[in-house]
Amino acid sequence: MPFSFLVKALQLIEQTEGKNSRTLIIEIMTNVFRSALVNFPSELPDIYYFFIVKLAPDFEAMETGVGHELSVKAIAKACGKTAKEIRDLYKDEGDLGAVVQKGKSTTGTLGGFFKKTTAVKKHLTFHHVFSEFRKIART
């Protein structure tokens with residue numbers, strides 16, 4: 001499954017609000033599971049774990065080991081801010097993803113330092129992303 005498909009679904013879920021939000025979220029998730037069932041049936045269990053923010057069943061005790069504070073420090077470094085600034089933004093936003101979005105908008109890129117290539121970009125798949133998370137958890 002293209003990872004971008006899951007990203008779009010999660011963005012729709014994030015934007016859902018109002019009286020029928022629970023029903024809409026269930027509908028979005030149902031469509032993701034239906035798509036997986038038809039097109040990528042072997043990925044369905046992992047997609048389920050992804051949605052519940054796990055890497056495997058509890059009995060496998062698999063975690064990334066990346067805690068909140070480590071994430072704050074990495075975001076601070078990437079955005080050119082202090083950890084305290086990131087924590088303050090987190091208190092205001094309530095979501096580290098939103099903090100990254102705001103930090104990203106004020107950060108320049110390193111694109112100009114790298115040689116431009118004509119190589120075709122590979123599109124991320126869910127399988128690849130989830131496998132990489134599992135590799136991190138095993139190290």
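Is Phe-130 buried or exposed? Phe-130 is buried, with a relative accessible area of 3%; buried means under 20% and exposed over 50%, with partly exposed in between (1.4 Å probe, protein chains only).

1. Basis. This is a predicted model, in which local features need pLDDT of at least 70 and side-chain atom pairs count only at pLDDT 80 or more, while totals for chains, interfaces and linings use all residues. Residues are numbered from 1 along each chain as its sequence is written, and side-chain values use heavy atoms, without hydrogens and water.

2. Helix 2. Residues 21-39 form helix 2; helices (H or I, at least four residues) are DSSP runs, numbered from the N terminus. Ile-28, Val-32 and Ala-36 are buried there. They lie on the same side of helix 2, because they cover an arc of only 75° around the axis, taken from the directions from the helix axis to the C-beta atoms. Exposed residues on the other side include Arg-22 and Arg-34.

3. Helix 3. The buried residues of helix 3 include Tyr-49, Phe-50 and Phe-51. Their cover includes helix 1, helix 2 and helix 7 (126-138), where contact means heavy atoms within 4.5 Å.

4. Aromatic pairs. The whole structure holds five aromatic pairs: ring centres of Phe, Tyr and Trp (its six-membered ring) lie within 6.5 Å, with planes under 30 degrees apart stacked, over 60 edge-to-face and the rest tilted. Phe-50 and Phe-126 pair edge-to-face, at 5.5 Å centre to centre and 80° between the planes. Phe-50 lies in helix 3 and Phe-126 in helix 7, so this pair ties together parts 76 residues apart in sequence. Phe-126 and Phe-130 are stacked, at 5.2 Å and 25°.

Technical notes:
Helices (H or I, at least four residues) and strands (E, at least two) are DSSP runs, numbered from the N terminus. The expected span of a helix is 1.5 Å times one less than its number of residues.
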